[in-house]
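Trainee: I've just opened this one and I'd like to learn how to read it. Could you walk me through it?

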Amino acid sequence: MVLVYSDNKKITIEILSKASEIAKEQKKKVTAVIIGKPDENLAKEYISYGAEEVFIAETELESFKSEEYSDILASIVKETGTETILIGSNKNGKELSARLGGKLNAGCVVDSNNIYIKNNKLMAERVVYSGNAIAVEQFNSTPAIITVPSKAFDSLKKDDSRKGEITKKKIESEKSKSKILKAHEMKSEGTNVEDAEIIVSCGRGFKDKGDIKLVQELADILKGKTVGCSRPLAADLKWLSEEHWIGLSGHKVKPKLYIAAGISGQIQHIAGMRDSGIIVAINKDPEALIFRSADYGIVGDLYEVLPKLTDAVKAKMG
Amino acid sequence: MNIIVCAKQVIDVSEMKVDANTKKPILQGVPQKISDIDKNAMEEAIKIKDKHGGKITVLTIGPADAKERIKEILAMGADEGILVTAPDNIDYFMTATLLAEAIKKIGEYDMILCGEASIDLFSGQIGPRLAGLLNIPQITYALNVTAEKDKVTAERNMGDMAVTTEATYPALITVTKEINEPRLPSLMQILGAANKPINEWTADSLKSGLKPLVETVELKGVSMERKNIVYQNDIDESIGKLVDSLAKEGVIGR
Ligand SMILES: Cc1cc2nc3c(=O)[nH]c(=O)nc-3n(C[C@H](O)[C@H](O)[C@H](O)COP(=O)(O)OP(=O)(O)OC[C@H]3O[C@@H](n4cnc5c(N)ncnc54)[C@H](O)[C@@H]3O)c2cc1C
Ligand SMILES: Nc1ncnc2c1ncn2[C@@H]1O[C@H](COP(=O)(O)O)[C@@H](O)[C@H]1O
């Protein structure tokens, strides 16, 4: 069996298409797992996107805890003899998969965007060394666990005539010794850097939160309307939300045009934007690493360059 | 409070070169260092020890030359080092198993600290894997840690969620880069570290016959060719040229 799980519906649907392909080759069934309240509508939706079976693990658990969720998945895997486990690669999914790997003594590859079978072995590719290489990983045993980031695979076309079985079962899990005291969603402005065609990004070269308007104005003129940033601006200074954070530990983007202002170009930042079409760098330090990763660069003070560039682009676009 | 800090020796990815023909990364001769965030884990361990007393043990699975790296952590303030010597190409299953066996051999512990992910391969697997093997609670992506006598609390960065989690001991915590600023040891501390014990255990003595469940069969290169046209004279002229180039590239325009 090929098992698919994520607490994010969109990623589950994307993974279902890859899971169907692997299942066909292995002559196995694709099962989507829902943990929590029995949501039949969601189950039906998963079936319309390719799940041949939906397993609803009914629990009373209030919130996500890896200790308990991995226990539930481990029971399902053991009971059904699952060989392949595909899990959505958000932070919950990653810590869940790794713990499950520990519990089951199973191999695990995180953040894979290419999964296939070669010589009867399950293979998963992932980016390593901050984008300097792609590792081809081969599983030598089952069960095999792979986590899949969003947008790695296109979902199947929704087809309401697809048939599938829905199984509901109460599953007891071991009670975790951890307790969630507080959980709240981070403020979202609905920014989506991953889909953006043009991104203007800012880094530590900015002296003040208010100065971010300089990149916002350029982004607006470029009709990109999308502002990105380096890790310190989102994680240390919190000038921008996590949605804007680009890099190894943030979002991976590939716009047509990526403009980096006041960003030094450390490899962990490059890892998130190296697949962009054209890369432009603005930095006052001629030695800045970012120029080595850029198509075009301007050496200068961003406080002078950005307003002038905004005006010049405005003039050019008419 | 007995704290175990797991620290990995990694190659310095920013010093890595790529073969001009094959585009494959060259792994030989790259400088080695302690994975960045493991130093944040160590710094946090010192803060907790300062408050509660106890002992900090740094634990590394790696090649024999990782001993030099362990000395850096001892200089920061760890009391003792343990190096489990293992072959190069071990997988996460083997690393976590060896860490778990070493920790069982150490015996008493209240807290295990790991980095959110190692800087070379950036998986973030070992922390949760190890917690699963030891069957203890895991608190991932900690932005801060408050250790009290009988429980530990942390605020965590879970991406679109901010979560505060509490656990009893023993617990495993993975820390983010933002949690603190790792200290730079003084010359005195560096010299003092030479007298601190580093135990070397072999992988086989902890668990024999381990085989990887996942094998890296190939490392494919990725090309990163850029035009590298840099304008550095008159700003107005540079901007004019840049805008013309971008229009020619077809990325801006009506
Ligand atoms: C495990 C790990 C994961 C990481 N993940 C990420 C990630 O996902 N994304 C990320 O971005 N980073 C990440 N980092 C951090 C990364 O290593 C760098 O520290 C970070 O990218 C630096 O941010 P910066 O370029 O904004 O700041 P700095 O490195 O401080 O650079 C600021 C730049 O601005 C320039 N500047 C200053 N003033 C001006 C001015 N007036 N005009 C023009 N230029 C000016 C300076 O010359 C300098 O080049 C990670 C690090 C680790 C260890
Ligand atoms: N070989 C190792 N020895 C000791 N600790 C390790 C080792 N590999 C990983 N770790 C720990 O696990 C964390 C996450 O590593 P990784 O799963 O490789 O991203 C690291 O930050 C370390 O704290």
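Mentor: Let's begin with what counts as being around a ligand: a residue is near a molecule or strand if one of its heavy atoms lies within 4 Å of it. Of the 18 residues around ligand 2, the ones that come nearest are B:C6, B:D38, B:S118, B:G124 and B:Q125. Keep in mind that this is a predicted model, where local features need pLDDT of at least 70, side-chain atom pairs count only at pLDDT 80 or more, and totals for chains, interfaces and linings use all residues. Residues are numbered from 1 along each chain as its sequence is written, chains are lettered from A and ligands numbered from 1 in the order in which they are written, and side-chain values use heavy atoms, with hydrogens and water left out.

Trainee: Which backbone atoms lie close to an oxygen atom of ligand 2, say from B:C6?

Mentor: A backbone N or O atom of B:C6 lies 2.7 Å from an oxygen atom of the ligand. For B:I126, a polar backbone atom is 2.9 Å from a ligand oxygen, and for B:S123 a backbone N or O atom is at 3.3 Å from one. Taken together, the protein covers 98% of the 480 Å² of accessible area that ligand 2 has on its own (Shrake-Rupley method, 1.4 Å probe; for residues, only the protein chains shown count as cover).

Trainee: Which elements of chain B each supply at least two residues of that shell?

Mentor: They are β6 (55-62), α3 (92-106) and β8 (111-115). These labels are DSSP runs numbered from the N terminus: helices are H or I with at least four residues, strands are E with at least two.

Trainee: And where does ligand 1 lie?

Mentor: Ligand 1 lies between chains A and B. Of the 30 residues around ligand 1, A:R204, A:S230, A:S249, A:S264 and A:Q268 come nearest. A polar side-chain atom of A:Q268 is 2.6 Å from an oxygen atom of ligand 1, while a polar backbone atom of A:R204 is 2.7 Å from an oxygen of this ligand. A:K284 has a backbone N or O atom 3.2 Å from a ligand nitrogen. Here the protein covers 86% of the 990 Å² that ligand 1 has as accessible area on its own. Two or more shell residues come from each of α6 (231-236), α7 (267-273) and α8 (302-317) of chain A, together with α1 (36-52) of chain B.

Trainee: How do I read a strand?

Mentor: In a regular strand the side chains alternate between the two faces of the sheet. In strand β16 (residues 296-299) of chain A, A:Y296 and A:I298 point one way and A:G297 and A:V299 the other way, and all are buried (under 20% relative accessible area; exposed is over 50%, partly exposed in between, with a 1.4 Å probe and protein chains only).

Trainee: Which strands pair with β16(A)?

Mentor: Two strands pair if DSSP finds at least two bridges between them. Strand β15 (residues 278-283) of chain A pairs with β16(A) in the parallel sense over four bridges, and A:A281 has A:G297 as its bridge partner. From chain B, strand β15 (residues 229-231) pairs with β16(A), also in the parallel sense, over three bridges. There, B:Y231 is the bridge partner of A:I298.

Technical notes:
A polar contact is a pair of N or O atoms within 3.5 Å; within protein, one must be able to donate a hydrogen and the other to accept it, and residues adjacent in sequence count only if both atoms are side-chain atoms.
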